[in-house]
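This report describes a protein structure for a reader who is new to the subject. Please view the sequence and the model together before reading on.

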Amino acid sequence: MRKYYLLISLCIFGLFLFFVNEKSFADKGRKYYEEAGQILWDINTDEKVIALTFDDGPHKKYTPDILDILDKYNAKATFFIVGENAEKNPELALRIHEEGHELAIHTYTHPFRTNVSNLMKEIKQTHATIYGITGYVPVLFRPVEGQYTDSMIDAIAKEGYKVVMWSWHLDTFDWKSPGEKKIINTVLKGAKPGSVVLFHDGGGNREQTVRALKKILPELEDQGYRFVTISELLEIQKLNKKDGK
């Protein structure tokens with residue numbers, strides 16, 4: 001009998017932990033956030049546009065290599081930068097901006113776990129860093145590892161930022177160094193109009209990313225794709241909604 005009551009107690013406690021944990025994380029769902037205009041994953045469009053995004057830079061070695069490749073194909077991209085990396089490499093943050101790419105926020109220290117108060121401090125610190133280097137006012141934010149809670153989204157939106165994720169099937173996992181062929185195949189097989197691709201230009205060895213881009217960009221260009229920034233993608237989405245598409 002005692003074992004029975006113990007089992008029941010453990011089950012009740014487990015359910016309690018489950019619901020507490022569920023409430024602590026985002027549970028409104030993608031549809032809610034998209035309709036509220038708070039988070040972007042990708043857009044529905046017939047126009048052959050695709051947004052290339054890069055996290056964790058700027059990096060003194062790999063960011064310049066990536067910028068050179070983008071320039072070769074007249075491709076614009078969005079760089080979600082880590083504030084302290086921008087402060088270490090201000091000339092690269094400035095180059096990103098001057099070459100027509102979009103600068104966005106990816107926290108200041110890249111913490112894997114944080115709370116709302118600290119997150120907002122990191123966002124504001126990186127905002128100030130970007131503005132101080134370039135004079136540009138960033139409006140986009142991507143959370144580390146794509147992790148967020150409802151309270152974080154509310155706080156971020158209240159400050160006027162839009163959260164940007166990525167097309168789930170277009171996470172290249174390049175930070176794992178899966179091999180350039182796998183990175184290439186992920187992008188070329190998954191590319192669709194309105195997609196957002198996740199790459200990294202910092203945080204580790206990105207040689208595979210650089211080599212993969214040299215093959216991805218010309219192939220997508222041959223397929224008729226145009227490479228746009230996230231803000232350009234959002235503008236296309238806005239126009240489509242206006243036209244009832």
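A residue is called buried when its relative accessible area is under 20%, exposed when it is over 50%, and partly exposed in between (1.4 Å probe, protein chains only). Helices (H or I, at least four residues) and strands (E, at least two) are DSSP runs, numbered from the N terminus. The model is predicted, so local features need pLDDT of at least 70 and side-chain atom pairs count only at pLDDT 80 or more, while totals for chains, interfaces and linings use all residues. Residues are numbered from 1 along each chain as its sequence is written, and side-chain values use heavy atoms, with hydrogens and water left out.

**Helix H7 and its surroundings**

In helix H7 (residues 150–158), the buried residues are Asp150, Met152, Ile153, Ala155 and Ile156. An α-helix has 3.6 residues a turn, so residues three or four places apart point the same way. The buried residues of H7 pack against helix H2 (29–36), strand E1 (39–40), helix H6 (116–134), strand E5 (140–141) and strand E6 (162–164). Just after H7, glycine 160 has a positive phi of about 90°.

**The protein as a whole**

The protein contains ten helices and eight strands. It has 245 residues, of which 49% count as buried. A contact means heavy atoms within 4.5 Å. Among contacts between residues at least 6 apart in sequence, 77% join residues at least 24 apart. Accessible areas come from the Shrake-Rupley method with a 1.4 Å probe, and for residues only the protein chains shown count as cover. The accessible surface of the protein is about 12800 Å², and 54% of this belongs to carbon and sulfur atoms.

**Aromatic rings**

Rings of Phe, Tyr and Trp (its six-membered ring) pair if their centres lie within 6.5 Å; planes under 30 degrees apart count as stacked, over 60 as edge-to-face and the rest as tilted. By this rule there are five aromatic pairs. Two of the pairs are listed here.

| Pair | Arrangement | Centre to centre | Between the planes |
|---|---|---|---|
| Phenylalanine 54 and phenylalanine 79 | stacked | 5.1 Å | 20° |
| Tryptophan 166 and tryptophan 168 | edge-to-face | 5.2 Å | 85° |

Phenylalanine 54 lies in strand E2 (residues 49–55) and phenylalanine 79 in strand E3 (residues 77–81), so their pair ties together parts that are 25 residues apart in sequence. Phenylalanine 54 is buried, at 0% relative accessible area, and phenylalanine 79 is buried at 1%. Tryptophan 166 counts as buried at 6% relative accessibility, whereas tryptophan 168 is partly exposed at 48%. Ring pairs also link Tyr32, Tyr33 and Tyr148 into a cluster.

**Backbone features in loops**

Most residues other than glycine have a negative phi, and most peptide bonds are trans. Which bond joins glycine 57 and proline 58? It is a cis peptide bond, with omega of about -5°. Proline 58 is found in the loop between E2 and helix H3 (62–72).

Asparagine 74, a residue other than glycine, has a positive phi near 50°. Asparagine 74 is found in the loop between H3 and E3 and is exposed, with a relative accessible area of 59%. Histidine 110, which is not a glycine, has a positive phi of about 60°. Histidine 110 is placed in the loop between strand E4 (102–105) and H6, and it counts as buried at 19% relative accessibility.
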